[in-house]
Amino acid sequence: MGKHFGHSGSTVVGSIGRIFCGLILGLVVYTEDVAAMTYFISPTGNDSNTGVTRTSPWKTFNFAIPSLLPGDTLILLDGTYDASNSGFPVLNINGTAAQPITIKALNERKAHIHNEGTRYSVTGSKCSYLTFEGVQASSEDNPGVTGSNGGGFHFTDCHHLVFKRLLLHHNNRYANSHPLVLIRVTDSLVEESEFYYFHRHAIPITSGGRIIVRRVYCNSRGYGEIPGGRNNTHGTVGGDICVSLYPANDSIVENTIADATTGGVFDIQASGPTNADNNRFLGNIALQTQYGAVIKARLEPGATALAMPKNNVVNNFVAYGAEEVGIFMRGVRAQRCDHCLLLNSSRNAGLIVDVEPVAPGDGVYSFFSDNSLSLSNDGPGFMITNQIQTWTVDNANSFGNQVNYSPQSSKNYLAIKSVDSLLGACRVWIPDNSPLKRAGKNGKDIGANILYRYQDGVLTNVPLWNPTTGEFPHGALVAGLNDVAGKSLFDVHKRLNVNTNGCSFPSNYGDGVTDGEPPGRPLNLQIF
């Protein structure tokens, strides 16, 4: 009769609840036709309970997950879920486009799924149309584990997943593990989530596509390598990249921040025979990271290394105080960096475009930049090596760098400048008194303006920062995790001087009129 009656245990309980609701409402009692259900689970629950009220929650995920049908919601009550009580969610279920399945915390981030480093807290395979909201997840260092276990969320071969307002932290540093892993996942969203204490990538996206990462924050908090543990690229100083497309295609990373002791805000690594094409990076910020961002070909053992990043767009990007290079592009084609603002790299250049000898791609390279600004870097402001056959740097301003432009002269420079930008304390937009205001190509500002939200790759007129407090959008604070002053999202605006420390919002901020760069270019740029 109903779908659930062929199952056992919790599915029968779920079916009875649906039928009861159908009878009360006078509806046909087939499972397919009755209203979606809301269930509850708690570390102190009991699988003999009905699961349909807060006072009668189920206990184990193994019991609860098979009950969920399209449109259902499983609400996690406050508490720590681990191997000693509720076990761990394993998802191989599917919602629908009209009726996704939702798993969410009753109180944001007070439901904490924690594992001892031997597995991931939440896993899924061949699943679709699932939403996860407000959950906290973590792991711990475990020297008895190798491979890739010991992280937060891990999904393979899935599509149409949504991860919202998660708080993920502490992966197992003895393993090649990460807080949120997406392998061959497509058409999915990661939004307004925070990542702390990771020694590898916060969000590696591998062999997937059409992923959107939006308003995410990463700070590895110096959680680097440990003796006998898994190596990373940032050593003992901190973790790797915030969002790593490793590789991925047709994806968007927008309004995301990487902060301190983190390798960078994003990277693209075309790997072996696999490309990394048509991605957009819009309105992102790297604050005192190792690299602001890296886009490159990557050599895998036994691979031909012919794959290379193509047709990728960076727009309205800020790298402030990078340890190495503000933005590093190696072996790229049809790569853009427009309205990039590269400040105070402490050991190297603002921007470098070159070719890595061990991963040269197919040998045809091109790069383009409009209205970008490079200031006070210890290396060149803009460095384009002679390996790059086709390139233009148009309406750039480079000032106060060790060398402003390398090469110092070229027909590929168009209307370049070297003047003091008068940014003052401002780091993520061009103030009205700057000589770069409306001084660039097509009357646009030279440099980045990160004031308004991008949504699915389109610049909106919705303020990114709180017009009153200056705060970046963030979820609930958890003591000792994301409430640490100077190392958390809730006060990152102070370190970026957003409406504070001498850099006030533009006078029209929040009135629905943008004064920045218009929406990013189309994905399908010409390949030169």
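Trainee: In this predicted model, which residue of β38 is the bridge partner of Met-383?

Mentor: The partner of Met-383 is Ser-406, which belongs to β38.

Trainee: What makes β35 and β38 a pair?

Mentor: Two strands pair if at least two bridges are found between them. Strand β35, residues 380-384, is joined to β38 by 3 bridges.

Trainee: Why is β38 called an edge strand?

Mentor: An open sheet of 12 strands, paired in parallel, has the order β4-β7-β10-β13-β16-β19-β23-β27-β30-β32-β35-β38. Both β38 and β4 (90-91) pair on one side only, and these are the edge strands.

Trainee: What is the peptide bond from Ser-406 to Pro-407, cis or trans?

Mentor: That bond is cis, with omega near 5°. Pro-407 is placed in the loop between β38 (403-406) and β39 (413-414). A second case is the bond from Tyr-246 to Pro-247, also cis, with omega near -5°. Pro-247 is in the loop between β19 (239-245) and β20 (248-249).

Trainee: Why are such bonds worth noting?

Mentor: Most peptide bonds are trans, and most residues other than glycine have a negative phi.

Trainee: Which phi value does His-170 have, and where does this residue lie?

Mentor: His-170 has a positive phi of about 55° although it is not a glycine. The residue lies in the loop between β12 (167-169) and β13 (180-183).

Trainee: Why is His-170 called partly exposed?

Mentor: Buried means under 20% relative accessible area and exposed means over 50%. The value for His-170 is 22%, so this residue is partly exposed.

Trainee: Why is Ser-372 called buried?

Mentor: The relative accessibility of Ser-372 is 1%, under the 20% limit, and Ser-372 is therefore buried. Ser-372 lies in the loop between β33 (366-370) and β34 (373-375). Beyond four places in sequence, Ser-372 touches several residues, including Cys-337, Phe-382, Asn-395 and Ile-446.

Trainee: What makes the pair of Ser-372 and His-339 a polar contact?

Mentor: A polar atom of the Ser-372 side chain lies 3.4 Å from the backbone nitrogen of His-339. The cut-off is 3.5 Å, so this distance is within the limit.

Conventions: Residues are numbered from 1 along each chain as its sequence is written. This is a predicted model: local features need pLDDT of at least 70, side-chain atom pairs count only at pLDDT 80 or more; totals for chains, interfaces and linings use all residues. Side-chain values use heavy atoms; hydrogens and water are left out. Helices (H or I, at least four residues) and strands (E, at least two) are DSSP runs, numbered from the N terminus. Buried means under 20% relative accessible area, exposed over 50%, partly exposed in between (1.4 Å probe, protein chains only). A polar contact is a pair of N or O atoms within 3.5 Å; within protein, one must be able to donate a hydrogen and the other to accept it, and residues adjacent in sequence count only if both atoms are side-chain atoms. Contact means heavy atoms within 4.5 Å.
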